[in-house]
Amino acid sequence: MRGLQRQQWEEERGWRQPRGEEEERLTAATTHHAWRRFCPGNLGRTIVSVAYTYARSMSIILIGDFLEQVLCEEKSCARKVTLNRPRKLNCLTFEMVSQIHVAMRTYENDAKVNLVIVKVFLINGIVMGGGAGLSMNGMFRIVTENTVFAMPEVLIGHFPDVGASYFLSRLPGYYGEYLGLTGARINGVEMLACGLATHFVLSKDLQQLENALCELVSSDALTISKLIDKFIYSGQTNQDIFHER
């Protein structure tokens, strides 16, 4: 698919704004001139063709991916917000944060909404950096035996941001400073012990808990907490505890 056919295909899906013939001509001419300046002869023409085709292909992939980076669902009086960049470990982008912000403002002003489940608050895997900053501001932060938490920015010469100075500074002793300065990883049991998490639930029960939350018709925090308490696991785990290392 190429030329006019591909342009129409992109425009029908909202991936590309319609462009007039003059704009298309100027774009092609500018691109061609820039590459021919540095790559004269047939090589320049070949590179222009490859670069233009690659850029057009990438624009389709990126815009298509952007449209589904955050999924919002409605179920009864509950709303679910799901991060959808699995190939990037759900790493946050500005566009994702903007979409989440719009969704939250909408739900806050909707009297029919009693509960919002941001799936990253159901921490069943890696939650680091931006994901940690997003989830730590939730009223209920549920972890499992698969949870791994860290603020690893220091390992790349940066510093913990996304609100980390707020929630790390409220941990007991100097534990928050330790996590922020070393980028150390901790598990779900340790998160519960230091206050980063509010509940520990086995991963096999997580979907059942989510379904129960969606059926809840109350927005009362105590009622929600009591429901989550029915699923908490208080038995022994085989996870290594930082304080015993």
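These legends describe close-up views of one predicted model.

Because the model is predicted, local features need a pLDDT of at least 70 and side-chain atom pairs count only at pLDDT 80 or more, while totals for chains, interfaces and linings use all residues. Residues are numbered from 1 along each chain as its sequence is written, and side-chain values use heavy atoms, with hydrogens and water left out.

**View 1. Confidence along the chain.** The pLDDT (the predictor's confidence in each residue, from 0 to 100) has a mean of 78 for the protein, and 69% of the residues reach 70 or more. Over residues 26-65 the pLDDT is below 50. This stretch still has 27 contacts in the model beyond near neighbours in sequence, a contact being heavy atoms within 4.5 Å. Where pLDDT is low, the predicted coordinates should not be read in detail.

**View 2. K80 in strand β2.** K80 is placed in strand β2, residues 78-83. Helices (H or I, at least four residues) and strands (E, at least two) are DSSP runs, numbered from the N terminus. K80 counts as buried because its relative accessibility is 12%; buried means under 20% relative accessible area, exposed over 50%, and partly exposed in between (1.4 Å probe, protein chains only). The side chain of K80 makes a polar contact of 2.8 Å with the side chain of E210. A polar contact is a pair of N or O atoms within 3.5 Å; within protein, one must be able to donate a hydrogen and the other to accept it, and residues adjacent in sequence count only if both atoms are side-chain atoms. With neighbours within four places in sequence left aside, K80 touches L71, C72, E73, I117, E210 and C214.

View 3. L89 lies in the loop that runs from β2 to α4 (94-108). Its phi is near 55 degrees, a positive value in a residue other than glycine. L89 is exposed, at a relative accessible area of 67%. N90 lies in the loop between β2 and α4 too, and its phi is also positive, about 60 degrees, although N90 is not a glycine. N90 is partly exposed, with a relative accessible area of 29%.

**View 4. The sheet β4-β6-β9.** Three strands form an open sheet in the order β4-β6-β9, with parallel pairing. Strands β4 (122-123) and β9 (199-200) stand at the edges with a single partner strand each, so one side of each has no neighbour in the sheet. Two strands pair if DSSP finds at least two bridges between them. Strand β6 (residues 142-143) pairs with β9 in the parallel sense over two bridges, and V143 stands opposite F200 in β9.

**View 5. S135 in helix α5.** S135 belongs to helix α5, residues 130-135. With 0% relative accessibility, S135 counts as buried. A polar atom of the S135 side chain lies 3.3 Å from the backbone oxygen of A132. Beyond neighbours within four places in sequence, the contacts of S135 are V120, F121, I123, V127 and R141.

View 6. Helix α10 spans residues 221-229, and I224, S225, L227 and I228 in it are buried. These residues are on the same side of α10 because they cover an arc of only 160 degrees around the axis, the arc being that of the directions from the helix axis to the C-beta atoms. L222 and K226 are exposed on the other side of α10. The cover over the buried residues of α10 includes β3 (115-118), β6, β9 and α9 (206-215). D220 caps the N-terminal end of α10, with a side-chain oxygen 3.3 Å from the backbone nitrogen of L222.

**View 7. L216 in the loop between α9 and α10.** L216 is found in the loop between α9 and α10 and is buried, with a relative accessible area of 15%. L216 and A78 are 138 residues apart in sequence, yet their C-alpha atoms are 7.7 Å apart in space. Leaving aside neighbours within four places in sequence, L216 is in contact with C77, T223, I224 and L227.

View 8. In helix α7 (residues 175-182), the residues Y175, G176, L179 and G180 are buried. Their arc around the axis is only 130 degrees, which puts them on the same side of α7. Among the elements that cover them are β7 (148-150), α6 (164-168), β8 (186-187) and α8 (188-194). Just after α7, G183 has a positive phi of about 70 degrees.
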